[in-house]
Amino acid sequence: MPGVHVRDVPAETLRALGRRAKAHHRSVQGEIRMILEAAARAAPPEPGYPPIQLKHVEVGGEVPWTREDIYGDQGR
């Protein structure tokens with residue numbers, strides 16, 4: 001797995017990360033990994049098409065749909 005090395009982290013930040021890790025019963029490395037994963041999940045989505053979300057609706061019996069009912073006046 002690829003790694004990341006962060007330089008010049010202030011001592012107080014490291015102490016705070018240690019306290020946070022202890023509170024969550026994790027190592028400092030595990031705590032940093034969880035923080036990075038949460039930040040990555042909050043990142044904006046990749047550019048492109050959004051995922052398709054389909055909905056299914058039950059209308060009750062058979063309904064004779066016409067082309068006009070479906071497409072309206074556009075006549076696609």
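The side chains of glutamate 31 and arginine 26 meet in a salt bridge, at 2.9 Å from N to O; the term here covers a side-chain nitrogen of Lys or Arg within 4 Å of a carboxyl oxygen of Asp or Glu. The two partners sit in rather unlike surroundings. Glutamate 31 counts as buried, because its relative accessibility is 0%, while arginine 26, with a relative accessible area of 33%, is partly exposed. For these labels, buried means under 20% relative accessible area, exposed means over 50%, and partly exposed is what lies in between, with a 1.4 Å probe and protein chains only. As a general point, side chains of opposite charge can pair when their charged atoms come close.

This is a predicted model, so to speak of a local feature takes a pLDDT of at least 70 and to count a side-chain atom pair takes pLDDT 80 or more, whereas totals for chains, interfaces and linings use all residues. Residues are numbered from 1 along each chain as its sequence is written, and side-chain values use heavy atoms, with hydrogens and water left out.

The structure holds four salt bridges, and Glu12, Arg15 and Arg19 are linked in a network of them. In one of these contacts, arginine 15 pairs with glutamate 12, the closest N and O atoms being 3.1 Å apart. In another, glutamate 12 meets the side chain of arginine 19, at 3.3 Å from N to O. Arginine 15 and glutamate 12 both belong to helix H1, three residues apart, or about one turn of the helix. An α-helix has 3.6 residues a turn, so residues three or four places apart point the same way.

Helix H1 itself covers residues 11–23, and at 1.5 Å a residue its 13 residues should span 18 Å; the end C-alpha atoms are 19 Å apart, which agrees. The expected span is 1.5 Å times one less than the number of residues. Helices (H or I, at least four residues) and strands (E, at least two) are DSSP runs, numbered from the N terminus.

Aspartate 8, in the segment before H1, has a phi near 60°, a positive value in a residue other than glycine. With a relative accessible area of 77%, aspartate 8 is exposed. Just after H1, histidine 25 also takes a positive phi of about 60°. Histidine 25 is found in the loop between H1 and helix H2 (28–41), and it is exposed as well, at a relative accessible area of 75%.

Zooming out, the protein has three helices and zero strands, and from the N terminus on its elements run α-α-α. The radius of gyration is 26 Å, well over the 11 Å that the globule rule gives for 76 residues, so the protein is more spread out than a compact globule. That radius is taken over C-alpha atoms, and the rule is 2.2 Å times the number of residues to the power 0.38. Along the principal axes, the C-alpha atoms fill a box of roughly 70 × 30 × 25 Å. Of the 76 residues, 5% count as buried.
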